[in-house]
Amino acid sequence: MTGYRLPAPLRRSLTLARKETFQIVRDPSSILIAFILPLILLLLFGFGISLDANSIRIGVVVQDARADARSLVQAFEASDYFEIVTAFDQTALEPDLVSGQLRGLVVIPPDFSERLRARDPAPIEVLTDGSQPNTAQFVANYAQGVYGVWQTRHLGDAALTPPAAITPQPRFWFNAELTSRYNLVPGSTAVVMTIIGTLLTALVIAREWERGTMEAVLATPVSRVELLLSKIVPYFLLGMSSLVLCAVAAVFIFDVPFRGSVLALVAVAAAFLVPALGQGLLISAATKNQFVAAQLALFTGFLPATLLSGFIFEISAMPLPIRTVTTVIPARYFVTSLQTLFLAGDVWSVLLPAIAKMLAVGVFFLALTWLATPKRIA
């Protein structure tokens, strides 16, 4: 009585997958991209890049020498958002604003104290460097915030705001301190997974053609499905391993809160790897050249994942044609899903549509790859 043997198609697929796994282990570049590059990118986005505007260098022009004005200057000095340079004449600081050494000027007018004590509006003037619009907006908002807090503390019940007025009290959900790292680190995980899923697999079939081993494979009874499965499975497992590395680093190195479940994270990542791997295999099968495949993978995978996924730039602020293009970029849904899982939790009303859209794009890519992969030697 003989033991049970796996079906021949499954045996062939497993044998090819085993061969591909050995190639991954023996190829230093694959290990570098899968494990070293993710850590470098996470460190870069987590520590090296910040969208938070802290310690902005500004000038404060004090045209009023009385106590109220000095107290306001002290409030700006105590702020964590500003590094200030004071002067009594605006013309003394304008050259620094033009040269970029200062990002804004706060001008306290000569009649500031008089108008304040007379219960008249006592505005301050804020001049900002519009060459950097985001920073300019930060300077204006932060300066207004410092002034508002100072006015409340300094004047107390005698503040200019009428008692019946409504004072807004903003509350920020999920990221109360508005720490940009909490968005950048999950987003960079999507970029890392794109590199592993698209760039590495883009080199797989192209490498087989360049080395002449594809002809030997096509001469065997291996079908296209078996061939594709043997390429997908090892890199799928490699991508999931990289996800674990990124998630652990995000929580324990960058202190990003993780409020979702591991099951949801695995489901979202698995759904994203389907289009990422499919895109890489399609590029590889169509080009049959590693250099061209790598360039196409960077152009169609890495750049869209970085620029058009909402990772750094808000999609709603993009022109309509670009927003339309982003609807077919899987990284867009992966970034949203990761940020939801880390900061909000298992919000399935967000996760399930994202998973469905990523799988739909993945099926499309895999179908094209199946058509582009030859059945036999031409």
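Accessible areas here come from the Shrake-Rupley method with a 1.4 Å probe. The model is predicted.

**Exercise 1. State the accessible surface of the chain, its share from carbon and sulfur atoms, and the share of buried residues.**

Step 1. The accessible surface of the chain comes to about 19,700 Å². Carbon and sulfur atoms hold 64% of this surface.

Step 2. The chain has 378 residues, and 44% of them are buried.

Step 3. Among contacts with a separation of 6 or more, 78% join residues 24 or more positions apart.

**Exercise 2. Derive the strand order of the sheet and the sense of each pairing.**

Step 1. The chain has 15 helices and 4 strands.

Step 2. Strand β1 (residues 56-62) pairs with β2 (residues 82-87) in the parallel sense over 6 bridges. In this pair, Val 61 has Ala 87 as its bridge partner.

Step 3. β1 also runs parallel to β3 (residues 104-108), joined by 4 bridges. Here Val 61 stands opposite Val 107.

Step 4. β3 and β4 run antiparallel and are joined by 4 bridges, with Val 106 opposite Val 126.

Step 5. β2 and β4 (125-128) are the edge strands, each pairing on one side only. Ignoring direction, neighbouring strands of the sheet are turned by 25 degrees against each other on average.

**Exercise 3. Explain why β1 counts as largely enclosed, and place the helices that pack on the sheet.**

Step 1. A residue is buried when its relative accessible area is under 20%. In β1, 6 of the 7 residues are buried, so the strand is largely enclosed by the rest of the structure.

Step 2. Helix α3 (residues 67-78) forms a right-handed β-α-β unit with β1 and β2. This helix lies across β1, β2 and β3 and runs at about 145 degrees to β2.

Step 3. Helix α4 (residues 90-99) also packs on the sheet, where it touches β1, β2, β3 and β4. The direction of α4 makes about 165 degrees with that of β3.

**Exercise 4. Classify Asp 89 as buried, partly exposed or exposed, and locate this residue.**

Step 1. Asp 89 sits in the loop between β2 and α4.

Step 2. The relative accessible area of Asp 89 is 42%. Partly exposed covers values between the buried limit of 20% and the exposed limit of 50%, so Asp 89 is partly exposed.

Step 3. Asp 89 and Val 107 are 18 residues apart along the chain, and their C-alpha atoms are separated by 9.3 Å.

**Exercise 5. Identify the largest nonpolar core and relate helix α8 to it.**

Step 1. The largest nonpolar core has 67 residues. Met 193, Ile 205, Val 256, Val 268, Phe 272, Phe 334 and Met 358 have the most contacts inside this core.

Step 2. Take Phe 334. Beyond its neighbours within four places in sequence, Phe 334 is in contact with Thr 189, Ala 190, Met 193, Val 268, Ala 269, Phe 272 and Met 358.

Step 3. Another core, of 20 residues, lies apart from the largest one. Val 106, Ile 108, Val 139 and Ala 143 are among its members.

Step 4. Ile 205 is one of the buried residues of α8. This helix (residues 204-211) is mostly covered, with 6 of its 8 residues buried. Gly 212, which follows α8, has a positive phi near 80 degrees.

Terms used:
Residues numbered from 1 in each chain as written. Predicted model: local features only at pLDDT ≥ 70, side-chain atom pairs only at ≥ 80, totals over all residues. Heavy atoms only, no water. Buried < 20%, exposed > 50% of the residue type's maximum accessible area, 1.4 Å probe, protein only. Helix = DSSP H or I, 4+ residues; strand = E, 2+ residues; numbered from the N terminus. Pairing = 2+ DSSP bridges. Right-handed = clockwise from strand over helix to strand, strands pointing away. Contact = heavy atoms within 4.5 Å. Axes fitted to C-alpha atoms, helices over the stretch in contact; angles between N-to-C directions. Core = buried A, V, L, I, M, F, W, Y, C linked by side-chain atoms within 4.5 Å.
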